[in-house]
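User: I would like to go through this structure with you. Could we begin with the terms and then move to the details?
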Amino acid sequence: MMDYTPKTIQRPSNILDVPSAWRGIESIIGDIITHFNLGTHNALEFGVEYGYSTVALSNFFTEVVGVDTFEGDKHTYDKNMDGLYEIVKELMPKNVKLIQSKYQDYKDDTIYDLIHVDIVHTYEDTYACGDWAMQHASCVIFHDTQSFNEVSMAVNDLAKKYGVTFHNY
């Protein structure tokens with residue numbers, strides 16, 4: 001694991017005013033794109049919840065796909081998720097496509113410029129989703145690598161499997 005220190009921090013213009021543990025991360029997406037020489041055509045996100053990170057990504061990518069059950073999980077702060085999909089769908093910019101699905105059921109052969117994984121914070125789920133993501137993206141970012149030891153362990157194991165460096169911010 002290597003610490004990631006962005007050279008540029010710039011908050012994107014289009015941000016949702018919703019609860020999010022992603023606050024602050026939106027301001028380094030441009031730096032990640034530059035630092036890792038990523039394309040900006042498409043991004044995929046597993047774990048949309050209220051849409052904060054999805055909208056943040058939409059500032060930088062031509063197309064963004066967000067995949068979520070919109071039912072929450074055992075780590076979801078707000079357990080009342082009834083109707084969340086319809087609410088979040090209304091908040092999305094035109095370049096975002098939301099898909100209500102479990103990550104396990106999502107099928108796509110597209111290669112993405114970036115995939116963001118922020119799902120239930122278990123080793124098994126993070127590893128399985130991350131393994132698929134590593135095969136379908138130039139860059140994969142994971143949320144909660146410091147907050148959940150199981151997420152960090154899964155990301156470390158994926159980095160070893162694919163022979164890549166795990167950068168932590």
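Analyst: Helices (H or I, at least four residues) and strands (E, at least two) are DSSP runs, numbered from the N terminus. This is a predicted model, in which local features need pLDDT of at least 70 and side-chain atom pairs count only at pLDDT 80 or more, while totals for chains, interfaces and linings use all residues. Residues are numbered from 1 along each chain as its sequence is written, and side-chain values use heavy atoms, with hydrogens and water left out.

User: Where is Ala-56 found?
Analyst: Ala-56 belongs to helix H2, which covers residues 52-58.

User: Is Ala-56 buried or exposed?
Analyst: Ala-56 is buried, its relative accessible area being 0%. Buried means under 20% relative accessible area, exposed means over 50%, and partly exposed lies in between (1.4 Å probe, protein chains only).

User: Which residues is Ala-56 in contact with, leaving aside its neighbours within four places in sequence?
Analyst: With those neighbours set aside, Ala-56 contacts Asn-14, Ile-15, Trp-22 and Glu-26. Contact means heavy atoms within 4.5 Å.

User: Let us turn to Val-64. Where is its place?
Analyst: Val-64 sits in strand S3 (residues 63-68). Val-64 counts as buried, at 1% relative accessibility. Apart from neighbours within four places in sequence, Val-64 is in contact with Ala-43, Thr-54, Leu-57, Ser-58, Asn-95, Val-96 and Lys-97. Val-64 and Ile-15 are 49 residues apart along the chain, and their C-alpha atoms are separated by 15 Å.

User: And what does Val-18 touch, not counting residues up to four places away in sequence?
Analyst: On that count, Val-18 touches Arg-23, Tyr-50 and Tyr-52. Val-18 lies in the loop between strand S1 (2-3) and helix H1 (29-35), and it is buried, with a relative accessible area of 14%.

User: Changing topic, how many aromatic pairs does a search of the whole structure find?
Analyst: The search finds five aromatic pairs. One of them joins Tyr-123 and Tyr-127, whose ring centres are 5.8 Å apart and whose planes meet at 15°, so this pair is stacked. Rings of Phe, Tyr and Trp (its six-membered ring) pair if their centres lie within 6.5 Å; planes under 30 degrees apart count as stacked, over 60 as edge-to-face and the rest as tilted.

User: How are Tyr-123 and Tyr-127 placed in helix H4?
Analyst: They are four residues apart in helix H4 (residues 123-134), and therefore separated by about one helical turn. Tyr-123 is partly exposed, at 22% relative accessible area, and Tyr-127 is partly exposed with a value of 22%.

User: Which residues do ring pairs link into a cluster?
Analyst: The cluster consists of Phe-46, Tyr-106 and Trp-132.

User: What about phi at Phe-70?
Analyst: Most residues other than glycine have a negative phi. Phe-70 is not a glycine, yet its phi is positive, at about 60°. Phe-70 is in the loop between S3 and helix H3 (84-91) and is buried, with a relative accessible area of 3%. Asp-144 also has a positive phi, near 70°. Asp-144 lies in the loop between strand S6 (140-142) and helix H5 (149-162) and counts as buried at 13% relative accessibility.

User: Finally, the chain as a whole: how many helices and strands does it have?
Analyst: The protein chain has five helices and seven strands. From the N terminus on, their order is β-α-β-α-β-α-β-β-α-β-α-β. Of its 169 residues, 50% count as buried. Among contacts with a separation of 6 or more, 67% come from residues 24 or more positions apart.
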